[in-house]
Amino acid sequence: MTAARGGAVVTGAGRGLGKQTADLLARRGHHVLVTDLDAELAAATAAEIGSQATPMALDVRDADQVQAAADRIVEIAGGLDVWVNNAGVLITGEAWTQDPSAHRLMLEVNALGTIHGTVAAITTMRKAAGGGHVVNIASLAGLTPVPGEAVYAASKHAAIGFSLSTVADLRLAGIDDIDISCICPDGIWTPMLYDKLDDPASALSFSGKLLSPEEVVAAVGKVLDAPREITSLPKWRGAQARVGAASPRVGRALMPLIIKAARRKQRKIKDRIRSETV
Ligand SMILES: NC(=O)c1ccc[n+]([C@@H]2O[C@H](COP(=O)([O-])OP(=O)(O)OC[C@H]3O[C@@H](n4cnc5c(N)ncnc54)[C@H](O)[C@@H]3O)[C@@H](O)[C@H]2O)c1
């Protein structure tokens, strides 16, 4: 535990990566506003963390609710040091097989929610001296084409493009004390993937190293100590993703092999989990 710091906000913190990120921030000495669309999950997470956390129901698609969360943490902690845009939704399948409401949901939560959170954080941090740090949980899907997850990939590309452009805007405006760091993980073993083990469209989420939430939270801790615009996890998968993005034809030619290997991994994980639960 470090010395007391100002407030922090985490979106989508009721479970998965957000829950563990909220816990990390509390251990680093922040008072954490644990927010989630699901009020009960937010309350349970905050109760587990203890006196360093306050729960709040928050739908990141609503800019007014997001600004209200920023105002609330200032009321509680006297300021805002860190804002983590973590809330996310993944619905797999080819875009043309999905309902337009699925497209809208992913873009609104993953892209617009990140924009709302970043803007509320910057507005609030600029009102006080000392600046702050926005951490945007993106994905490797924001760096490369991901068949089976096209709209999700679009939403994460949007989140990264927005973050990098906004850092440039901040610096051009002479604002040097607010940082934005994007974390781009490979598949993470969280509830987001628990129901995807039988889903061929999500194979690429299992094509590399399936990360534990703890590994990703450690990366969040690292960027909090040393802001970094893009952190890919693992690093080699980030390099692979960038090659795929730079040469889409090569990427597409290799895709059937990559998907076949990923499906094998997906089945292996399913078998292992089944054997652990019987
Ligand atoms: N799990 C993965 O494989 C993986 C890989 C790369 C990136 N990510 C990203 O990591 C982040 C965390 O995902 P996770 O794996 O913990 O997923 P998760 O599904 O376990 O948790 C997501 C949380 O977001 C909340 N949420 C959903 N819609 C919301 C909304 N409109 N407003 C506020 N909260 C909302 C959910 O209630 C849930 O608690 C997401 O941005 C996700 O895209 C996940």
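Which of the 28 residues around the ligand come nearest? They are Arg 15, Asp 36, Asn 86, Tyr 152 and Thr 190, where a residue is near a molecule if one of its heavy atoms lies within 4 Å of it. The model is a predicted one, in which local features need pLDDT of at least 70 and side-chain atom pairs count only at pLDDT 80 or more, while totals for chains, interfaces and linings use all residues. Residues are numbered from 1 along each chain as its sequence is written, and side-chain values use heavy atoms, with hydrogens and water left out.

An N or O atom in the side chain of Asp 36 is 2.6 Å from an oxygen atom of the ligand. Polar backbone atoms also take part, with that of Leu 37 lying 3.3 Å from a ligand nitrogen and that of Leu 58 lying 3.4 Å from a ligand nitrogen. On its own the ligand has 830 Å² of accessible area, and the protein covers 94% of this, as given by the Shrake-Rupley method with a 1.4 Å probe.

By class, the shell around the ligand holds 15 nonpolar, 7 polar and 6 charged residues; Ala, Val, Leu, Ile, Met, Phe, Trp, Tyr, Cys and Pro count as nonpolar, Asp, Glu, Lys and Arg as charged, and the others, Gly among them, as polar. Helix 1 (16–27), helix 5 (150–172) and helix 6 (191–194) each supply at least two residues of this shell, and helix 6 gives the most, with 3 residues. Helices here are DSSP runs of H or I with at least four residues, and strands are runs of E with at least two, numbered from the N terminus.

Helix 3 (residues 63–77) packs against helix 4 (residues 100–126) at an angle of about 40 degrees, with their axes 9 Å apart; axes are lines fitted to C-alpha atoms over the stretch in contact, and angles run from 0 to 180 degrees between N-to-C directions. In this pair, Ala 63, Val 66, Gln 67, Ala 70 and Val 74 of helix 3 meet His 116, Gly 117, Ala 120, Thr 123 and Thr 124 of helix 4, contact meaning heavy atoms within 4.5 Å. The contact of helix 3 with helix 4 has 5 nonpolar, 5 polar and no charged residues.

Finally, the peptide bond from Leu 233 to Pro 234 is cis, with omega near -15 degrees, whereas most peptide bonds are trans. Pro 234 lies in the loop between strand 7 (230–233) and helix 8 (235–246).

Key
A polar contact is a pair of N or O atoms within 3.5 Å; within protein, one must be able to donate a hydrogen and the other to accept it, and residues adjacent in sequence count only if both atoms are side-chain atoms.
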